[in-house]
Amino acid sequence: MYVREGGSTTSEVGFHRLLEEFLGWSLPFVPGYSGETIRLYLEILFPLFYIEQKFGWGGVAPRIPTHYRIRDPLNRAVEFVLGLSTLDLIRAREALKEEEGVIAAEWTAAIGRLGGAANAENLRLILPDARPVGAGRRSPAMFEALDNERWTHLETVESLWQERLSAMTDQILPAGELTDRSRAGLADAEAQVRKLGAAVRELREQLAISGADLDALASRFAGVEADRRQLMDVQRIRRLGGELDLPLIAEGRCPTCQQELDGRGVAFGTVSSSEENIALLDAERVTLQAMQAAAQERSSRLQESVRAAETDLEAARDQVRLLRDELVGPSNAPSAVRSRNA
């Protein structure tokens, strides 16, 4: 095992991990100077249990290591040893900060979706609260529409549109005079719905396959990272003068994947060194990262295509509903389809 090197608190061959399990402790993560959370190392706790003979008698507080980038290490160590709830409060505060960040991200995403929906309808979104606020202080969102090259409140423009629609009512043909045309249009609209529905299903299937590819790549990347960490531990143990993986080969197990090997699967030739295996894994990591980036980009494009196809499909379904309502409605009623297209 190794100690006082990176990974000694988490690696399978890290001595600090073994010592922590032997003591029955579960060391918490505490705030660091850079905003991240850092494990409360054993070196910060041990000065509380003994007096250092050269400098330990110079004061009440022990000499606590400060090179672990932990904020207020003495306070964090005393709180852990005495079982104070300060660490729980700190963790709760950090959790609230994370939740606040998630809410801010969701708020921004909701604003983006609302603005996109407004742009799709040729509207402009006026949102006074760009940052998340409580329901009591929240200002209502407003929409503006373009009327005669001037942005006007949507309710005002809607009143103008109602007046213009009332004036155009007498000029609209009754639905009965357009029955044959409506039937032909209904057949075309239904065919368009079937075509767009098939396209949406195909795009969704491709999106599901792309998601499965991303999951498989993520799983493989995690496996490569685990293998690389094991080989790095082997290399570190050897550099420090120890041995780790030699007995595994004698037992008929692969030192990398830990799988059992029979006589036919064992090669009696040159075996790659840990340095060569690490280099191969590094190359595979680079390849997997490039594949993940390409798969993520493809998934993003497919999501955009699905949204566009669903929008077209919804418009085609609206057209079918209007034509069906017109065909089963009164013959002297105004043609809704003609009014919409006008």
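These legends walk through close-up views of a predicted model. Residues are numbered from 1 along each chain as its sequence is written, and side-chain values use heavy atoms, without hydrogens or water. Local features need pLDDT of at least 70 and side-chain atom pairs 80 or more, while totals for chains, interfaces and linings use all residues.

**View A. The buried side of helix H3.** Helices here are DSSP runs (H or I, at least four residues), and strands are E runs of at least two, both numbered from the N terminus. In H3 (residues 73–82), Pro73, Arg76, Ala77, Glu79 and Phe80 are buried (under 20% relative accessible area, with exposed over 50% and partly exposed in between; 1.4 Å probe, protein chains only). These residues cover an arc of only 165° around the axis, which puts them on the same side of H3 (the arc is taken from the directions from the helix axis to the C-beta atoms). Just after H3, Gly83 has a positive phi of about 70°.

View B. Glu21 and Arg17 pair through their side chains at 2.9 Å, N to O (a salt bridge is a Lys or Arg side-chain nitrogen within 4 Å of an Asp or Glu carboxyl oxygen). Both lie in H1 (residues 15–23), four residues apart, about one turn of the helix. Glu21 is exposed, at 52%.

View C. The side chains of Arg220 and Glu284 meet at 2.7 Å, N to O. Arg220 sits in H6 (residues 179–239) and Glu284 in H8 (residues 274–328), 64 residues apart. Arg220 is partly exposed at 38%, as is Glu284 at 25%.
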